[in-house]
Amino acid sequence: MSTANLINEMQGGSANDVRNYDFQQAGRLNETHMQALTSLHEALVRNLASAFSNALRTGFELKLAAIEELTFAQLSSQIPATAYIVSMLFQPQHTLGGIQIDSSLVFPILDLMLGGPGDAHVPDRGLTEIEDHLMQDVIQLICSELERTWKSLDVSVSAGERQKPANLAKLVHPQEKVLVLRLAGKLPHSEGGLNIFFPAGTAAAILRKLLKSVPAASPRPAAPSAGQRIQERLLECTCGVDLAIPGIKVSLSELLHLEPGKLLDLGIPVSTPALLSLEGHEWFESFPVRAGSLRAAKLGTRARRRSQNG
């Protein structure tokens, strides 16, 4: 198989549909991929917000702020040193990802879980053993909702161990691409970020099954242009139509002696066609005929159009 055939078979095209390949775009998510991932994870966000609200017995707003693709080194440089991070294992890909929650959300969540009002104050310390144990329940809740979202895609999720920001390089190779779901959380007295990240390989496996399960959408018809809209409006208008034979000359004396039953010789052969005119412009040579009980014109050849002046 030729290279052109192989590339087009992979892309779903024909052997004659050959395009330049941009190696800088290799592996990058396109607009279709992003739309599919956004639609999938908007359901995750709604389920997570409901689960958190029930568990914390208070309103918890959550929205999908962005989906980004970047290297793990770039992501690591953006994670605050005080962030709470736990690894995740994805099967059957055997890949690692993680959950990162800002301290501005962690401590208010813990305060609510311990019966407090969800104070926005963030203490300058690490988590106690009890707090760490409670946060495992929070991570498990996130993993459960994530696995529920990915269930139809045959991807399972399990929580791993807590990770320190300084040791993140051991979790994922710095130059490996990861997909980041950036969620923005808001409690009554605080707000912060909750990010879920996983390798691009896992994202590719999800996309392959996701796109196969979604029927191809019919292309949306383009919105009519201003000119098209004017044409559509004009089709509803009416115009004057005349069927006549121009150039006939009859003497005035013959016209003065006209009376019912008398024949008027127009001086032209019977086979001479009339001209069908629209608003004074000649369009077709035509012959007067009958269509049922109505008069009609049988169109012939196209006439040379000329204005009918006065």
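This is a predicted model: local features need pLDDT of at least 70, side-chain atom pairs count only at pLDDT 80 or more; totals for chains, interfaces and linings use all residues.
Residues are numbered from 1 along each chain as its sequence is written, and side-chain values use heavy atoms, with hydrogens and water left out.

Turning inward, 30% of the 310 residues count as buried (under 20% relative accessible area, 1.4 Å probe, protein chains only). Among contacts with a separation of 6 or more, 62% join residues 24 or more positions apart; a contact means heavy atoms within 4.5 Å.

The chain holds 8 helices and 10 strands, which are DSSP runs (H or I, at least four residues, for helices; E, at least two, for strands) numbered from the N terminus. An open sheet takes 6 strands in the order 1-5-6-3-2-4, with antiparallel pairing (at least two DSSP bridges between two strands). At its edges lie strand 1 (61-71) and strand 4 (156-163), each pairing on one side only. From one strand to the next, the twist averages 20°.

Now look at strand 3 (residues 95-101) and strand 6 (residues 190-199), an antiparallel pair with 4 bridges. Here glycine 98 stands opposite phenylalanine 197 in strand 6. Helix 4 (residues 103-113) packs on the sheet, touching strands including strand 3 and strand 6, and its direction makes about 110° with that of strand 6 (axes are lines fitted to C-alpha atoms, for helices over the stretch in contact, with angles from 0 to 180 degrees between N-to-C directions). Helix 5 (residues 129-150) also packs on the sheet, at about 155° to the direction of strand 4.

Methods
Buried means under 20% relative accessible area, exposed over 50%, partly exposed in between (1.4 Å probe, protein chains only).
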